[in-house]
Amino acid sequence: MIRSKTPNTRFVMKIYSTLAAEFLGFEPGIDPDFSDLIIQHIDSDGLKRYASEIKAAVDAETREGRFNFMSAYPFIDSLSSKVRYATPTVEEQNGHLYGCLNVYLDEPLNADERQLLLTYTQQQYQSDWGRDIAEQEIEVEDGTLHLHFGSDAELNVEVGFVSIVSKENLVERNDAMEQKKYEITDIAHPSNSKWHRIRALEYIGEDVEPGDLGGFVESEDNLSQEDACWIFNDAIACESARVSGNAVLKDQAVARGTALVSNNAEVGGKAIVQDYAIVLEGYVSESARICGKAKLTKELDSEGVPEVSGAAYVYGTLSGSVHCCGEAIILPGTELRNPTPDLFILNGDKVYLAPGENRQDVCPQQKPKAKDIER
């Protein structure tokens with residue numbers, strides 16, 4: 001069987017196959033109670049008009065790319081050592097609709113391995129996976145479809161595989177070919193068709209595996225192909241915003257404008273980083289807003305990082321252990337730098353001091369309290 005491995009995938013092999021379907025419906029324009037049931041065989045060319053319905057059904061069957069087509073492969077051999085995973089979908093090519101198996105490889109396959117993969121794929125199309133998809137009733141405007149991948153004797157469909165080892169998932173850097181860590185899918189955001197979900201092509205950090213779906217981007221410029229940065233859940237990076245380094249954008253957070261979220265920053269909740277803001281370190285959460293030319297950085301002396309939460313707005317610069325929460329507002333041009341290990345908490349128009357570890361200047365019987373400092 002195909003093993004789970006950690007090396008980067010370097011190639012994507014696409015295996016195209018013909019499609020066919022049995023169409024069940026009634027005569028157009030006639031009341032179904034008075035119309036005979038029509039059973040019709042449709043080939044790949046005729047299926048193009050139903051492309052969106054077919055793709056939605058196939059992606060649902062494969063759990064939008066999370067399903068590994070190779071999970072039933074029974075051998076541990078050179079093929080299993082080179083294939084990371086594979087997932088079926090459908091694609092339009094040259095005006096035709098084809099079945100497409102995306103195979104993610106660590107190394108290119110030789111002729112024998114390729115033939116073995118094609119044989120296994122055809123077997124799956126004719127039996128287990130193919131039977132599951134054929135049993136689905138795909139609802140279309142004028143009836144239902146039962147879809148068949150690859151060859152089917154009854155429908156007289158030829159296999160017609162076209163296999164391509166593609167470098168479309170490679171980018172050139174320093175005259176060497178480096179693999180992309182994610183791809184942009186055609187899964188659009190329900191409120192903006194410019195934004196599409198991303199899908200991991202390799203292991204990223206500790207929480208992302210090949211095939212995992214992430215949040216939304218408008219273009220590849222929004223999320224770096226390097227390091228461990230990632231967009232989780234339904235978070236969005238759009239316009240000219242960029243997420244890079246080891247930064248995380250998660251939940252329903254948004255980075256937009258020309259904002260930069262980088263280094264070890266984490267932005268979540270319903271927070272928004274916008275305009276020319278730069279978040280290099282720290283945590284932004286809940287309904288916080290980082291706006292204008294705001295900047296969040298780590299204080300090198302104490303290694304403290306800022307945190308912004310609640311409904312706080314930050315337009316200035318925060319460095320070190322500074323927590324803005326509630327309805328606090330940091331005005332443009334304001335710079336709050338805390339080089340100490342103590343924590344300063346800004347909540348509304350008040351500032352609280354929480355002494356750092358081993359710095360509470362109190363008697364043993366007293367409990368340390370945050371000190372309220374009038375602004």
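**Notes on the predicted model**

1. Asp301 and Arg337 form a salt bridge, with the closest N and O atoms 3.7 Å apart. (A salt bridge here is a side-chain nitrogen of Lys or Arg within 4 Å of a carboxyl oxygen of Asp or Glu.) The pair links distant parts of the chain: Asp301 sits in the loop between β25 and β26 (307–308), Arg337 in strand β31, and they are 36 residues apart. Asp301 is exposed, at 60% relative accessible area. Arg337 is partly exposed, at 48%. (Buried means under 20% relative accessible area, exposed over 50%, partly exposed in between, with a 1.4 Å probe and protein chains only.)

2. On the basis of the model: it is predicted, so local features need pLDDT of at least 70 and side-chain atom pairs count only at pLDDT 80 or more, while totals for chains, interfaces and linings use all residues. Residues are numbered from 1 along each chain as its sequence is written, and side-chain values use heavy atoms, with hydrogens and water left out.

3. Overall make-up. The protein chain has five helices and 34 strands. (Helices, H or I with at least four residues, and strands, E with at least two, are DSSP runs numbered from the N terminus.) Buried residues make up 48% of the 375 residues. The accessible surface comes to about 19000 Å², and 46% of that belongs to carbon and sulfur atoms. (Areas come from the Shrake-Rupley method with a 1.4 Å probe; for residues, only the protein chains shown count as cover.) Among contacts between residues at least 6 apart in sequence, 39% join residues at least 24 apart. (Contact means heavy atoms within 4.5 Å.)

4. More on charge pairs. The structure holds nine salt bridges. One of them joins Lys82 and Glu113, with the closest N and O atoms 2.9 Å apart. Lys82 is in helix α3 (residues 78–82) and Glu113 in helix α4 (residues 111–126), 31 residues apart. Lys82 counts as buried at 13% relative accessibility. Glu113 counts as buried too, at 5%.

5. The nine-stranded sheet. This open sheet runs β11-β12-β13-β15-β18-β21-β24-β27-β30, with mixed pairing. Strands β11 (182–189) and β30 stand at the edges with a single partner each, so one side of each has no neighbour in the sheet. (Two strands pair if DSSP finds at least two bridges between them.) β11 pairs with β12 (residues 192–200) in the antiparallel sense over five bridges. Tyr182 has Ala200 in β12 as its bridge partner. A salt bridge also joins Arg199 and Glu183, at 2.9 Å from N to O. Arg199 lies in β12 and Glu183 in β11, so the pair ties together parts 16 residues apart in sequence. Both Arg199 and Glu183 are buried.

6. Strand β30 (residues 329–330) holds Ile329, which is partly exposed at 47% relative accessible area. Ile329 forms a nonpolar surface patch with Tyr313 and Leu331, with about 280 Å² of accessible area together. (Patches are made of residues with over 30% relative accessible area and no salt bridge: like charges are joined within 9 Å, nonpolar side chains (Val, Leu, Ile, Met, Phe, Trp, Tyr) within 5 Å.)

7. The six-stranded sheet. This one is also open, in the order β16-β19-β22-β25-β28-β31, with parallel pairing. β16 (242–243) and β31 (335–338) are the edge strands, each with a single partner, so one side of each is left without a neighbour in the sheet. β16 and β19 (residues 260–261) pair over two bridges. Arg242 stands opposite Leu260 in β19.

8. Thr297. This residue is in β25 (residues 295–297) and is buried, at 15% relative accessible area. Its side chain makes a polar contact with the side chain of Ser319 at 3.4 Å. (A polar contact is a pair of N or O atoms within 3.5 Å; within protein, one must be able to donate a hydrogen and the other to accept it, and residues adjacent in sequence count only if both atoms are side-chain atoms.)

9. Asn222. It sits in the loop between β13 (213–217) and β14 (230–231). Asn222 is buried, with a relative accessible area of 0%. Its side chain reaches the backbone nitrogen of Ser219 at 2.9 Å and the backbone oxygen of Glu239 at 3.2 Å.
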